[in-house]
2 protein chains.
Amino acid sequence: MRRFALTLEFDGTPFMGLQRQAHGPSVQQAVEEAVQAITGEDVRMHAAGRTDTGVHALAMRAHVDVAKDIEPFRLMEGVNAKLRPDPIAVTECRIVPEDWHARFSCIGRGYVYRIVNRRAPLTLDANRAWQLAPPLNADAMHEAAQHLVGHHDFTTFRSAHCQAQSPIKTLDRLDVERVSGLGGEEIRIHAEARSFLHHQVRSMVGCLALVGMGRWRPGDVRDALAARERQALGLNAPPQGLYFVRALYPEE
Amino acid sequence: MRRFALTLEFDGTPFMGLQRQAHGPSVQQAVEEAVQAITGEDVRMHAAGRTDTGVHALAMRAHVDVAKDIEPFRLMEGVNAKLRPDPIAVTECRIVPEDWHARFSCIGRGYVYRIVNRRAPLTLDANRAWQLAPPLNADAMHEAAQHLVGHHDFTTFRSAHCQAQSPIKTLDRLDVERVSGLGGEEIRIHAEARSFLHHQVRSMVGCLALVGMGRWRPGDVRDALAARERQALGLNAPPQGLYFVRALYPEE
């Protein structure tokens, strides 16, 4: 049995999230079935993170254990062929030690959230960003975001369905920048932490958007955090702007 | 009667091109029907350029003549609402003089062609770029591209269905750059001219791709141009990487 580490890119639109679900398509099911088609083995995929319906990944990390003697490149090519036409691609595949675990060895996770700041509906970016019409003040959003960086009780920014034992997390980075995308003015929010609570990034982004629109002052985000209750949340940003972009491991 | 200039963004995937077709959906038909739904008038749209099936636009320019007394902002909002769920958006709308013509007043057109240079199939960029696995030499492509810049007979790079009277055009710019996109390594090709022949950009890009792969030398592009025959064409790039990005008018 050898352990293969996979890097996955996917468009989350047609999936009920990354994790296998009883009642709908998932990234996990699609990848497991593709690996099974190539190896003939009943495999289970483990991933660095769970993503919700509509959330995308540029570089999700995962692993599968395979008995068949197959080169990583052949496995990747075969799985990519079997995955079509599902919008999932294996962009890297290599053999790792048996104690390497995509989820438990992961020491850092990074997300990017895209807001296209314009009045017109999205066309090429439909399902790939959050369209917000009011002009957003990116500087105020960035200032507000700094109140969330650090070691805090993030209860306010946690889904009612969150399964984490503790709401206390350390947020290492929450940067807001205005960039000029192919489709126009865009706000990108970069979030990094060892791990996140369920809906944490989307909840933080929602409150930052309120600040950007001038409906909240930057200090209101600090107060929402201090409240430590879900009712203090201003707004949960929709899933389609969220991208899992990075998982970090000790040896990398 | 007042003339409204529209800036259009669209995902070309579901359309049989910009121009109205007897046997399938087009951008022109969708916009005309949306304007008609708002104004009650039978309008005809004129656009700066024609695009093929699958070709996108970030800022196509067009105009329509409307008798109804309506503010440009209201027309834009109404048309955008009626266009849903078609992936077309009006991003700007203003009143222009009656002698302003989206096609005939246009003195410059710009395209960008996106090649995602990687082995894995595209997911988020599916239908939005050309995926090419062999590592491309962008410097060689740029060098080759410079042989095409200038005043030339572009017969080699012209579709058999091209309706232009003359194959002689002046290509003002053909730049090749390697950029780091959200989805990885990307080659972007920027083309600018007063006007282009049918399939000219895709035909030029196809030959530059052969140079990038090392199958052609940069000088082969000069020879293909000099041959002035379609048979000398190396490869026609697929439509989904092509974006109409700019139309230029004297007053702007």
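Predicted model: local features only at pLDDT ≥ 70, side-chain atom pairs only at ≥ 80, totals over all residues.
Let me start with A:Pro85, which sits in the loop between α2 (72-83) and β4 (88-96) of chain A. B:Pro85 is in the loop between α2 (72-83) and β4 (88-96) of chain B.

Next, the domains of chain A. The domain assignment gives domain 1 as 2-96 and domain 2 as 108-248. Their C-alpha centres are 27 Å apart. Across the boundary, 15 residues of domain 1 of chain A make contact with 16 residues of domain 2 of chain A. UniProt, in an unreviewed entry, has its own annotation, "domain: Pseudouridine synthase I TruA alpha/beta", listed for residues 9-104 and 144-250 of chain A. For the span 9-104 of chain A, the content is 26% helix and 25% strand, and the end C-alpha atoms lie 20 Å apart.

Now the annotated residue. Which residue does the UniProt annotation "active site" cover? That is A:Asp52, and again the entry is unreviewed. A:Asp52 lies in the loop between β2 (46-47) and β3 (56-66) of chain A. Is A:Asp52 buried or partly exposed? Its relative accessibility is 23%, and the cut-off for buried is under 20%, so A:Asp52 counts as partly exposed. Setting aside neighbours within four places in sequence, A:Asp52 is in contact with A:Gly17, A:His198, A:His199 and A:Arg202.

A:His199 is not a glycine, yet its phi is positive, about 70°. This histidine is in the loop between β9 (184-193) and α4 (200-212) of chain A.

Over to chain B, and B:Arg158. This arginine is in the loop between β7 (150-153) and β8 (168-181) of chain B. B:Arg158 is buried and has no salt bridge. How far away is the nearest side chain of opposite charge? That side chain belongs to B:Asp153, and the distance is 6.4 Å. A salt bridge would need a nitrogen to carboxyl oxygen distance within 4 Å, so B:Asp153 does not qualify as a partner for B:Arg158. What the side chain of B:Arg158 does reach is the backbone oxygen of B:Ala164, at 2.4 Å. Not counting residues up to four places away in sequence, B:Arg158 touches B:Ala164, B:Gln165, B:Ser166 and B:Pro167, and also B:Leu197, B:His198 and B:Arg230.

Last item, helix α5 of chain B, residues 218-227. Its buried residues are B:Pro218, B:Gly219, B:Asp220, B:Val221, B:Ala224 and B:Leu225. An α-helix has 3.6 residues a turn, so residues three or four places apart point the same way. In this helix, B:Val221 and B:Leu225 are both among the buried residues. What covers the buried residues of α5(B)? The cover includes α3 (138-145), β7 and α4 (200-212) of chain B.

Just after α5(B) comes B:Arg228, with a positive phi of about 50°. This is a positive value in a residue other than glycine. B:Arg228 belongs to the loop between α5 and β10 (242-248) of chain B.

Note on methods:
Residues numbered from 1 in each chain as written. Chains lettered and ligands numbered in written order. Heavy atoms only, no water. Helix = DSSP H or I, 4+ residues; strand = E, 2+ residues; numbered from the N terminus. Buried < 20%, exposed > 50% of the residue type's maximum accessible area, 1.4 Å probe, protein only. Lys, Arg positive; Asp, Glu negative; His and termini not counted. Polar contact = N/O pair within 3.5 Å; in protein donor to acceptor, adjacent residues only side chain to side chain. Contact = heavy atoms within 4.5 Å. UniProt positions renumbered as here; feature names shortened; annotations may be inferred. Domains from an automatic or database assignment.
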